[in-house]
Amino acid sequence: MTDTITLRAATPDEIPALLALWARAAKGASITDDEAGVAALLARDPECLIVATPVGDPATVVGTVIAGWDGWRCHLYRLAVDPDHRRQGIGAALLAAAEERFAALGGRRADAMVLDDNALGHRTWQAAGYHPEPRWSRWVKPLPA
């Protein structure tokens, strides 16, 4: 892990900053990319949203990953690094922290949501040892609010 960042769980008061980071750093948006969605996530599992902040500047979030554990599977979402802080090992450090969380919880395999047209994301995930699973496709259905 890089010695220029601190990794920790996100806090509810950081939700606006998280949404702003995702808007400028992540490719695509989700129907849950809003204050209510992130607040529900943090209420359900306060440790699942890992943030990276510069050492000495804990109020500035420069990276995130959601490391969700449902008791059976390990799911990774919203790996995002601020464009001004890329190529410094932040994404790799976030993934390592997520994998450590999963191992501590008893997880045995992690899966990641990666958009098909996100070439930059593909390189990041491949460098971390992830690969597409050709046998499965994700099927989705938006639920009524």
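**View 1. Burial and surface of the protein.** Of the 145 residues of the protein, 34% count as buried (under 20% relative accessible area, with exposed meaning over 50% and partly exposed in between; 1.4 Å probe, protein chains only). This is a predicted model, in which local features need pLDDT of at least 70 and side-chain atom pairs count only at pLDDT 80 or more, while totals for chains, interfaces and linings use all residues. Residues are numbered from 1 along each chain as its sequence is written, and side-chain values use heavy atoms, leaving out hydrogens and water. The protein exposes about 9100 Å² (Shrake-Rupley method, 1.4 Å probe), and carbon and sulfur atoms supply 56% of that area.

**View 2. The order of elements.** Here you can follow four helices and five strands (DSSP runs: H or I of at least four residues for helices, E of at least two for strands, numbered from the N terminus). From the N terminus on, they run β-α-α-β-β-β-α-β-α.

**View 3. The open sheet.** Five strands line up as β1-β2-β3-β4-β5 with mixed pairing; two strands pair if DSSP finds at least two bridges between them. β1 (5–9) and β5 (110–112) stand at the edges with a single partner strand each, so one side of each lacks a neighbour in the sheet. Neighbouring strands are turned by 25° against each other on average, direction ignored (axes are lines fitted to C-alpha atoms; angles run from 0 to 180 degrees between N-to-C directions).

**View 4. Where β1 meets β2.** β1 and β2 (residues 49–54) run antiparallel, joined by five bridges. Take a look at Ile5, whose bridge partner in β2 is Pro54.
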